[in-house]
Amino acid sequence: MSEASEKFTVTPMERWVGFGVLLTLAAIAFGIYRVQFRFNPAVTARQAFSEPAAAMETIALAALAPDVIQPFSPPEQFDPDTLSDKINGKAELYFSAGFRSLTTQRFALTDNPALWFELFVYDMGTARNAFSVFSMQRRGGLEAGGPTLFAYATPNGRFLAHDRFYLELVGAEASEPLMAAADAMARTFVENIGADVAEVTEMALFPEEGRVEGSRSLVSSDAFGITGFDQVFTAEYQYDGIPVTAYVARRETAEAAGTAARVVRDFYLEYGGTPLAAPENIAVIDILDTIEVVLSHEQYVIGVHEAPDRETALGLAERIRKRLQETVDDRS
Amino acid sequence: MRLVTIRRITQGFFLVLMIGSCLVNRVGDRWYELRGWPVSWLLELDPLVGLATVLTTGSLYKGLLWGTLTLALTALLGRFFCGWLCPLGTLQQMVGAWTDKGRRPKARAYGRQSHPGQKIKYLLLTALLTMAGVELVCPLVDLSGQGGWIPPVAVILAGIVLIRTGQKTPWKRSTGWAMAVAGSLCLMLGNLLPGNRLLAAGLQTGILDPIPLVYRSVSLVVLPLISPDGTFVVVTGGLLTGGVFVLVLALSAWRPRFYCRYVCPLGALLGLTVRWSVWRMGRQDKNGDACTGCGRCDHHCEGACDPANEIQWAECVLCYNCRDDCPERIMGYSTRPSTTGENPGPDLSRRAVLTAGATGAILLPLARLGDPLGVGWRPDLVRPPGSLTEEAFLNRCIKCGLCMRVCPTNVIQPTVLEAGIEGLWTPRLDFRLGSSGCQHNCIACGSVCPTAAIRPLALEERMGTASFADKGPVRIGTAFMDRGRCLPWAMGIPCIVCQENCPVSPKAITTRTIMETVAGLDRLIVQQVSSRAVHLNLPFTRSPLAGGDYFLAGPAGPQNALRITGLQAGWIQVAGDPAGAGFRQQTPAAVVVRLQQPYVDPLHCIGCGVCQHECPVRGRAAIRVTSENETRSRAHALLAGTGLPHSKD
Ligand code: SF4
Ligand code: SF4
């Protein structure tokens, strides 16, 4: 500042002008403050996606979103007639498992809209169907875990079955904050639906010891290539590095279960299997140097597939039967 | 409070307003997002934006009326906009003040003396406005158009009348001569060069206009670099955009407000406007004995307008520093002229003005020789949804960068040379650089564009719903498959990423399924068959055969192939019964893959580019959007005449 200004005197006129300018600035600031309440159409258009269309009976997915994300697209619904519009390539798989409807919506991180994921909620009608698509989609070697018993994660996705729903949360890219938001949303979804996996009782019959994490799945039709052997739950076990498959299938009646067990036994015998000595009501078959065991217990068919030896196979089948017996006893 | 302090407060206020406008320009309803903030208000206050678009389009877009307020106040008060409002002026002033600190008073005063080079900005303005307005003379030259030869002849006659009646009034005589010569020229051009391409107008003021320049620089360079919202944004041409900004500021370290003094076309426009202003700065030394000749009034002069002598009024930016510096208090702002005399306007030679005008008039016709708006159009130039036809778009876009900053996926990028020299810094869509394609449900760019180069769209119009259902959605282009790069088409690898990501309903990408034998896995021999697995002489393969798209075909042919579910030590596990499907020891077998080959349906494709963004073929995607079939141009309609819907322009 110049020395002159130190002794500078402000004229009344200048004082008034200065005052006027400051008042104008205040008026501009106030005007801007007022204007910012009249939302730009671009913002209101975006907000429209937060509310599901009134006429559609959608699951209000946006309401489940945690604070860190916001809707990035409107919710969309698909029924069996339109599912192919959304997932052309995989639609058949869902149809065969009893697909009812699909609701999808994209969500982006509020801080960084470049990061988004799309949530797919498949209503499969029953928990069994939901679990069936869940297990058919699952690829091996993936990290198990999530808000439900049946959940797994990939670097950019979360997949889970809960109640009659199968959920996919697929991210635009593998990002930790994005996947954390996806996890939070999945958890809220599960909490909102409430706990209900009781329908899939067979899942609980596979003993934990030796079981490969995340290996339980449901084969909805023609399990092991056996025509008509449907709705079979399987789990992988490892014995000294050798993989063994155990399976459980429930039928309407004990007779039906008995018939199904015989069909399985006959299938192996027909394809060159040799019957081995076995306890009563249990079939033990040697086929191509692997052991098959199959039995029926009440409404259930229990079996062990491609075991390395008779003892391992019988031991595992017996453990499953014991578990089943305990469950039945608990209920009665 | 001293007026200089008030001026600094005002400058700070508008600088914060500008930075804030750029900062909040992100779609969202929180206070630091777009909400209803008037992000383009400062641009609308810029009268050069309004004037130039009026010249190029013949109409004034609503918000730009604010510019007339600026002009009116400037005509009354002087260049208050430059000295008190302009954020680029403020930034330069800050740099200048900072570098001045280390200088001696003499050197400081030297840097603030007027210089003949200050006329350059008026010539630049002349060139830019001629470029914008040259088409206005079209009715005079186009003899085949309305009025035929009457308009030019009328101009010649009016000129002759002026010459005759204005014998003693030099300006009437020169105007008369100018009219007569121009009318004759037009008549001659119209006769000799019918249908000439010499009269092409275009808007290029935005390149140099300080308000778009500062908006563009802050939005495209400063904010992405400091990343206040923690996002990593890709921006093309950063070196050019940022380089210009840095250069402007660096030059003001050498000469204070260098850009304002020598380059700024807005400053020039306002400088011309103040010629007859009511209030003005000047020395009020009635008796001529108060001034001691200390020259301090020159020391901090921002406009380099020589207040110690004959003040260059057109250059004064009302910084008020001279008034503050004068120890005798004789510098002031008043309705009386300066006692040391004043020069109200720039002294420009007629030749220089004519040369500048002619240069401005010829540049665009030269740039358009390649007919970039006609047959030479660039199909990879995809403009944002709602953009006007290319010519109308270029006549409105001021290159401010608002649309690029607001885009939620950052798919809008500034062009460097993709739209030719003329299109520098205009918006184009780059589907690779954005975080996704153009969002189907977003209308942000049109909602913030200050000149309607991108027209504001209603969401219903964008999506083709409600009353726009019969017109269909707004299309910005069409996706084309590059079968030479597409995985299922070119390499036999299953992929339906583009189809799955296509956001429109029904999808614009359909697939046709074929079964193909996998090369190298076509002559296998069955070694052993188990209940649900087949042992083969399988060579090493990288293909993840168990993905669900691979099948094992045996003697019953590919129609009865079994889906492969797993692969372990030479054993291929299959869904189904291999023996039932005819697999026996020593029978031949082959691995076949189910491929879903994508096709684009131009009827449903809106050109959003999500498929291009998601395509796993990195680098040059296997599906790419070009501007064919864009709604804004009938000439770009695909399969013209076959009834593709909704072209309008
Ligand atoms: S004459 Fe005074 S008011 Fe005008 S620019 Fe120079 S210092 Fe500023
Ligand atoms: S995403 Fe790319 S590679 Fe895959 S099908 Fe589409 S175009 Fe081809």
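1. Chain A has an average pLDDT of 81, and 85% of its residues score at least 70. Here pLDDT is the predictor's confidence in each residue, from 0 to 100. This is a predicted model, in which local features need pLDDT of at least 70, side-chain atom pairs count only at pLDDT 80 or more, and totals for chains, interfaces and linings use all residues. Residues are numbered from 1 along each chain as its sequence is written, chains are lettered from A and ligands numbered from 1 in the order in which they are written, and side-chain values use heavy atoms, with hydrogens and water left out.

2. Helices (H or I, at least four residues) and strands (E, at least two) are DSSP runs, numbered from the N terminus.

3. Over residues 1-6 of chain A, pLDDT stays under 50; the model has 13 contacts for them beyond four places in sequence. Over residues 50-57 of chain A, pLDDT also stays under 50, with 8 contacts beyond four places in sequence. A contact means heavy atoms within 4.5 Å.

4. Chain B averages a pLDDT of 89, and 96% of the residues score at least 70. A stretch to flag is residues 641-649 of chain B, where pLDDT stays under 50 and the model has 26 contacts beyond four places in sequence. The model scores are ipTM 0.87 and pTM 0.73.

5. Chain A holds an open sheet of 7 strands, in the order 9-10-11-15-14-13-12, with antiparallel pairing. Its edge strands are strand 9 and strand 12 (274-276) of chain A, each pairing on one side only. On average, neighbouring strands of this sheet are turned by 25° against each other, direction ignored. Two strands count as paired if DSSP finds at least two bridges between them. Strands of a sheet pair through backbone hydrogen bonds, either parallel or antiparallel.

6. Now the individual pairings. Strand 9 (residues 217-219) and strand 10 (residues 232-239) of chain A run antiparallel and share 3 bridges. A:Val219 has A:Val232 in strand 10 of chain A as its bridge partner. Strand 10 of chain A is also joined to strand 11 (residues 242-250) of chain A, antiparallel, by 8 bridges. There, A:Ala235 stands opposite A:Ala246 in strand 11 of chain A. The hairpin of strand 10 and strand 11 of chain A has 2 residues between the strands, and A:Asp240 takes a positive phi near 50°.

7. Further along the sheet, 6 bridges pair strand 14 (residues 290-297) of chain A with strand 15 (residues 300-307) of chain A in the antiparallel sense. A:Leu295 stands opposite A:Ile302 in strand 15 of chain A. Helix 5 (residues 127-137) of chain A packs on the sheet and touches strand 9, strand 10 and strand 11 of chain A; its direction makes about 100° with that of strand 9 of chain A. Helix 7 (residues 254-270) of chain A lies across strand 11, strand 12, strand 13 (282-287), strand 14 and strand 15 of chain A, at about 165° to strand 14 of chain A. Axes are lines fitted to C-alpha atoms, for helices over the stretch in contact, and angles run from 0 to 180 degrees between N-to-C directions.

8. In chain B, look at helix 6 (residues 87-100) and helix 14 (residues 238-254). Their axes come within 7 Å and cross at roughly 45°. Helix 6 of chain B and helix 14 of chain B are therefore oblique to each other. Angles under 35 degrees count as roughly parallel, over 145 as roughly antiparallel, 65 to 115 as roughly perpendicular and the rest as oblique.

9. Strand 9 (residues 524-529) of chain B pairs antiparallel with strand 14 (residues 588-600) of chain B over 2 bridges. B:Leu524 has B:Ala589 in strand 14 of chain B as its bridge partner. Strand 9 of chain B also pairs antiparallel with strand 10 (residues 533-536) of chain B, over 3 bridges. A hairpin through 3 residues joins strand 9 of chain B to strand 10 of chain B.
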